[in-house]
Amino acid sequence: MKFGIFDYIDQVAGQSLARTYDERFALVRAAEAAGFHGYHVTEHHFTPLGMCPSPSVFMAAIAQRTTRLRFGPMVYALPLYHPLRMVEEICMLDHMSRGRLEIGFGRGYSVGEQRYYGRDPAQAQETYAEALELVVKAFTSKRLDFHGKHYNADNVPMQLEPLQRPHPPVWYGVHAPQSARRAGTQGLRVISLDSCQVTADCYAQFRDGWRETQGTRPLPLMGIGRFVVVAKTDEEAVALARPAYARWVASFNYLSKEAGYLLTHPRAPDWEGVVAEGRGIAGSPKTVVKEVLRHLDECSANYFVGQFAFG
């Protein structure tokens, strides 16, 4: 069992952005000193939900401030990048960190972000799938040839390659058993932000898919992400969690209201709702330890990823 951090780096009211970054760097250093396995940062644009629109820039700074902690995007919004540029950034970060980079890719959950970048949200999944195919092929190519509907590469000399071979570990966020099984057959690492029941169903399928193609090879990290607030007493923790989550969920909903679209994966409107969904834990150290172990057991997970700084 390992522990990690999942971080949106959402806007803090009345605080300079420089201070927010400094506080996150302090959090990352503390996590490494405490023996955490990894730090995972999101990518969002034009919203107070994400003050880290360029994960690569932020992770380059993390690479210089740590020596053991693994880190990576959860996830790069791949349709917003040219995949060749994406490959080069990943290779740089992998070498700068001496092979501590872990990567995740997605199409991006926000219709608004796609529109503001001049992308067609209806093509996001298709663009993402093609870009991912190009990226994976480029990692092991000395000269890259790729011809698709959205991207083409003709005999491109790939001067950079990742330190970890064939490439850094790849993460996949699961929401449905079918996609979890596919991730298992592809040998990916997985994380779920959903309830224990949904996650357990997904991970049962993931293990089946893993055995199909990976045989007796040990299972990879299978994570669950939860909001976590710890204080001296249960009452103090809940009192901290309520207003922090209220601000966070307002940031989470900001862009959907601004750009006028429905969220694919909405969040509960208040802290009590998050706890009822099984996505939040607040309490004394004793209470939190008990709940963390229960969630890991019920989800059949081996990696607990806490969202400790929010709001």
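Residues are classed here as nonpolar (Ala, Val, Leu, Ile, Met, Phe, Trp, Tyr, Cys and Pro), charged (Asp, Glu, Lys and Arg) or polar (the others, Gly among them). The structure is a predicted model, in which local features need pLDDT of at least 70 and side-chain atom pairs count only at pLDDT 80 or more, while totals for chains, interfaces and linings use all residues. Residues are numbered from 1 along each chain as its sequence is written, and side-chain values use heavy atoms, with hydrogens and water left out.

On a 1 Å grid over the protein atoms alone, a cavity is a set of points where a 1.4 Å probe fits but cannot get out; a pocket is an open set with protein on both sides within 12 Å along at least five of seven lines; and lining residues have an atom within 4 Å of a point. A volume is the space filled by probe spheres set on the points, which are joined across faces, edges and corners.

The model has 1 cavity of 30 Å³ or more.

| Space | Volume | Lining by class |
|---|---|---|
| Largest cavity | About 110 Å³ | 6 nonpolar, 3 polar, 3 charged |
| Second largest pocket | About 180 Å³ | 10 nonpolar, no polar, no charged |

Among the residues lining the largest cavity are Phe6, Tyr8, Trp248, Arg267 and Arg279. Strands β10 (222-230) and β12 (303-307) each supply at least two residues of this lining; strands (E, at least two residues) and helices (H or I, at least four) are DSSP runs, numbered from the N terminus.

The lining of the second largest pocket includes Phe3, Phe36, Val289, Leu293 and Phe308. The elements giving two or more residues to that lining are β10 and α10 (285-299). Helix α10 gives the most, with 4 residues.

**Surface and single residues**

Met1, Phe3, Val289 and Leu293 make a nonpolar surface patch of about 390 Å². Such a patch consists of residues with over 30% relative accessible area and no salt bridge, nonpolar side chains (Val, Leu, Ile, Met, Phe, Trp, Tyr) being joined within 5 Å and like charges within 9 Å. A salt bridge is a side-chain nitrogen of Lys or Arg within 4 Å of a carboxyl oxygen of Asp or Glu.

Met1 lies in the segment before β1 (2-7). Met1 counts as exposed because its relative accessibility is 58%, where exposed means over 50%, buried under 20% and partly exposed in between (1.4 Å probe, protein chains only). Asp208, in helix α7 (residues 196-214), counts as partly exposed at 30%.

Key
Areas by Shrake-Rupley, 256 points an atom, 1.4 Å probe, with all protein chains shown as cover.
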